Amino acid sequence: MSGAASEEPSGSGRRRAFWLSGRGLVSSIPYLWLLLFFLLPFAIVLKISLAEPIIAQPPFTPLFGPDGSLQATIDNFLFLLEDSLYIVAYLNSLKIAGISTLLCLLIGYPMAYGIARSPRAIRNILLLLVILPFWTSFLLRVYAWMGILRNNGLINNLLMWLGVIDQPIQMMNSDFAIYIGITYSYLPFMILPLYAALERLSPDLVEAAEDLGCRPWKAFLTITLPLSVPGIIAGSLLVFIPAVGEFVIPSLLGGPDSLMIGRVLWDEFFGNRDWPVASAVAIALLLVLVIPIMLFQRMNLRREGA
Amino acid sequence: MTKWRKPDEVPFLRLEGVVKRFGDFAAVDGVSLDIYRKELFCLLGGSGCGKTTLLRMLAGFEQPTAGRIYLDGADITEAPPYERPINMMFQSYALFPHMSVESNVAFGLKQDGVARVEIRRRVAEALELVQLGPLAKRRPHQLSGGQRQRVALARCLVKRPKLLLLDEPLAALDKKLREHTQFELMNIQEEVGITFIVVTHDQEEAMSLSTRIAVMDRGQIAQVGTPTEIYEYPKSRFTANFIGSINFFDGKVARSEEGELTVTVPDLGRDLHVRSTRQLAIGSDVSVAVRPEKIVISRDPLDLPNSVRGKVRDLGYLGSVSVYRVELENGALIKVSAANTRHSAEREVDWDDEVYLGWRATSAVVLTE
Amino acid sequence: MRRRNWFLFSALCFGFAFLYGPILSLIVYSFNESRLVTVWSGFSTRWYGELFRDPQIIDAALLSLRIAAVNATFAVALGTLAGLAVARFGRFRGRTLFTGMIAAPLVMPEVITGLSLLLLFVTLEAAVGWPSGRGVTTITIAHITFSMAYVAVIVQSRLSTMDASVEEAALDLGARPWKVFLVITLPIIAPALVAGWLLAFTLSLDDLVIASFVSGPGASTLPMVVFSKVRLGVSPDVNALATIIVGVVTLAVIVSGWLMIRSERRRERDVQAALADRS
């Protein structure tokens with residue numbers, strides 16, 4: 001029964017007025033900021049996605065013509081449907097993000113579990129080691145893989161030196177390199193929520209299950225795994241959603257045919273200077289992501305309520 | 001008689017029809033209560049009975065949905081917490097972790113703009129009162145649980161509030177310390193002469209600590225009275241059950257004369273006699289309630305107005321007392337407790353013994369519900 | 001039991017090798033003599049020299065640091081207010097939208113945030129004449145917008161684990177709400193604010209995509225310069241830059257970890273002393 005949960009009663013008094021004004025001030029500053037710089041921009045993107053490109057500054061037609069008539073068009077969206085490039089890029093983005101999320105889960109889950117079960121004294125150090133790469137430059141960590149995966153990179157040189165191969169394996173500029181890059185960059189985002197879920201889980205539960213005759217792997221499958229599902233979902237969303245729109249990794253590690261929607265949007269905008277189509281791509285990307293984002297939001301609210 | 005029984009005594013704190021709703025749920029549902037100067041008043045009840053919400057409304061953290069609160073004649077219903085002459089000792093103690101003991105205690109005085117010399121003197125005095133003088137420079141995390149509790153108390157007392165609210169003051173202490181602290185709390189209250197309102201779920205604590213108790217149930221006050229009144233003359237099954245344990249016999253009033261009721265209990269197949277001044281219609285439904293320690297247990301027939309036969313089903317030896325569960329002929333189980341005053345040479349009542357249970361007409365109470 | 005421990009142990013080893021191998025290779029080859037990044041031809045620090053003689057990199061780094069510092073300061077201020085509102089004000093009108101706007105930037109793909117902010121700035125300029133042109137100001141605003149969300153989350157979670165009755169006790173003892181915030185709440189959550197500031201600083205220093213969208217001529221941040229360099233292929237002076245960044249971060253982490261351990265030790269000692277007193 002904490003004060004935070006108190007609702008506003010109908011009666012009003014001096015105290016209520018003071019609180020309301022103080023509180024109003026505190027919440028309205030960040031509120032207005034976010035409305036102006038986070039929500040309003042989406043409305044503008046939507047507006048421009050309905051405009052036609054022109055060669056001017058800014059390079060699109062206004063929503064209302066000089067005579068005040070509405071001149072919206074869904075041509076840009078139809079264009080996305082007609083040109084298979086966009087459909088392929090969307091599907092490819094989803095595929096790459098999905099597979100990378102799975103890879104993150106496969107590598108991250110045992111790590112999170114291992115950290116959660118390690119002695120308290122070294123647990124924080126291990127956790128710190130997970131977070132540490134996150135504090136160093138993302139761009140440079142992707143760049144590191146360029147040096148490793150290149151034809152005359154670390155892996156190929158090593159394998160050739162060992163005599164395993166005579167010809168370098170083509171790893172750069174492929175979907176494979178993108179998987180590696182995304183998995184590598186987003187792994188901490190998977191481990192942290194997983195760790196939080198697993199750490200909360202009392203080891204007594206597993207011991208109780210084993211005491212009741214459950215074999216260790218079965219205890220894991222029936223006790224630990226189901227109870228860590230919230231962590232799995234949270235981690236997967238934290239990896240999947242931004243990975244779908246990833247730009248840096250496909251443009252540095254991917255090949256010319258590994259299309260991802262973030263890169264298409266970038267090229268549309270910077271290369272073709274077609275702002276309306278870029279906006280339409282962004283809106284379509286948001287539509288694809290709206291379900292996972294809402295799921296993420298609901299999880300946040302539920303955690304907050306718990 | 002105690003002074004809050006004087007008819008001309010003016011209540012110090014008065015609650016009038018106080019209601020607090022959270023959405024559809026009424027946490028406090030129409031509480032009216034008078035509390036007098038220098039009382040040590042307990043709000044007693046299980047979790048979720050509304051006692052903490054009531055306390056928080058007194059402190060000013062919650063606003064009543066309806067009703068008024070008056071302190072010393074002034075309406076304080078809408079006063080913010082920082083303007084009430086009331087202080088609260090939190091269950092978690094809520095000491096400021098980044099301040100020393102001294103600064104914690106001085107905090108309230110600083111808010112009131114008391115002169116520095118005066119603050120120093122009063123803080124020293126308060127720390128003396130709770131015997132924490134030597135620990136003034138420590139931080140809260142450098143203190144034991146009992147010491148923290150005393151800092152929290154000193155922090156409230158130093159402001160000389162008109163009313164001190166204590167939320168489960170002893171809950172965080174271990175058993176031994178709790179007993180000691182309980183008496184210390186009573187002594188301090190006597191010394192400073194401030195009215196205390198204590199919220200607790202522990203009936204023993206409430207019984208030994210308070211001048212009066214309000215037993216709360218589902219947002220309402222079930223009964224208000226001195227510890228003796230509440231224990232000896234519970235007004236409802238809830239109160240009777242909540243404080244101590246008790247046996248109930250359901251029946252109908254058969255006769256009512258000269259301050260004595262005769263109640264027919266179909267389950268027992270016989271009548272019970274209860275002394276009561278209450279006027280009850282013949283045939284109305286009542287329960288006869290008897291405390292286990294008021295029942296005499298014997299292997300020989302008893303010469304008492306109420307007597308039943310049964311068989312000992314269960315027996316617990318607790319040192320100074322033994323607790324029996326006796327199965328009556330109709331299958332009902334009766335709890336009986338008896339002091340172990342007999343000599344060991346005598347054969348005691350044992351498992352499966354046929355026994356007689358008996359009690360006086362004055363030992364039971366009649367409850368209508 | 002044993003076997004699972006082995007499995008977890010090797011998973012941890014593999015995972016950390018995966019996380020740190022690439023970083024290690026960056027560092028090693030930054031000391032390589034040869035321009036060919038992956039062929040070792042001898043120890044040298046010449047790339048560090050070249051890095052510091054490259055005015056483009058130095059300017060971009062200084063600009064990025066400046067933006068990051070301003071951004072972090074504003075983000076902490078706004079994020080603290082936002083976190084406070086969510087954690088302490090219960091239900092207020094528009095709360096769901098508010099929490100949504102705080103959570104969404106954490107996962108929003110950068111290309112969308114970048115594009116939408118750019119279009120906002122362009123529209124605003126056309127409508128009200130501000131911001132005139134794009135550059136440092138627009139980058140800073142964009143960074144504040146997404147990093148304040150991170151700060152808000154940190155502050156909110158710190159506030160929700162903090163015992164709210166401490167604030168109530170201060171109110172009860174006569175402090176007014178704003179004073180409670182300044183004297184009680186802020187000092188208690190100060191470590192979270194420091195963490196939030198550092199995080200916001202790093203996020204800003206790290207951002208390529210959003211900055212590229214909202215930047216204008218003449219305002220090239222460090223990631224933008226690095227990106228245009230590495231797009232053309234690996235180059236050893238970027239390795240040198242990476243090594244410096246890793247070094248600074250590691251040093252900062254070690255120092256803060258050491259401070260944390262020291263205060264933890266002192267705390268434990270104090271608790272021991274308190275327990276000893278009791279007996």
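In chain A, the centres of domain 1 and domain 2, taken over C-alpha atoms, are separated by 33 Å. Domain 1 of chain A covers 24–73 and domain 2 of chain A covers 84–305, with bounds that come from an automatic or database domain assignment. Keep in mind that this is a predicted model: local features need pLDDT of at least 70, side-chain atom pairs count only at pLDDT 80 or more, and totals for chains, interfaces and linings use all residues. Residues are numbered from 1 along each chain as its sequence is written, while chains are lettered from A and ligands numbered from 1 in the order in which they are written.

So where do the two domains meet? In chain A, 10 residues of domain 1 are in contact with 8 residues of domain 2 (contact here means C-beta atoms, placed from the backbone, within 7 Å). On the domain 1 side, that gives 8 nonpolar, 1 polar and 1 charged residues. Here Ala, Val, Leu, Ile, Met, Phe, Trp, Tyr, Cys and Pro count as nonpolar, Asp, Glu, Lys and Arg as charged, and the others, Gly among them, as polar.

Now hop over to chain C, where 71 residues are in contact with 80 residues of chain A. Helix H1 (residues 2–30) of chain C gives the most to that side, with 14 residues; helices (H or I, at least four residues) and strands (E, at least two) are DSSP runs, numbered from the N terminus. The side of chain C that touches chain A has 54 nonpolar, 11 polar and 6 charged residues.

Chain B has an open sheet of 5 strands, ordered E15-E19-E16-E17-E18 with antiparallel pairing (strands pair if DSSP finds at least two bridges between them). Strands E15 (296–298) and E18 (333–339) of chain B each have a single partner strand, so one side of each is left without a neighbour in the sheet.
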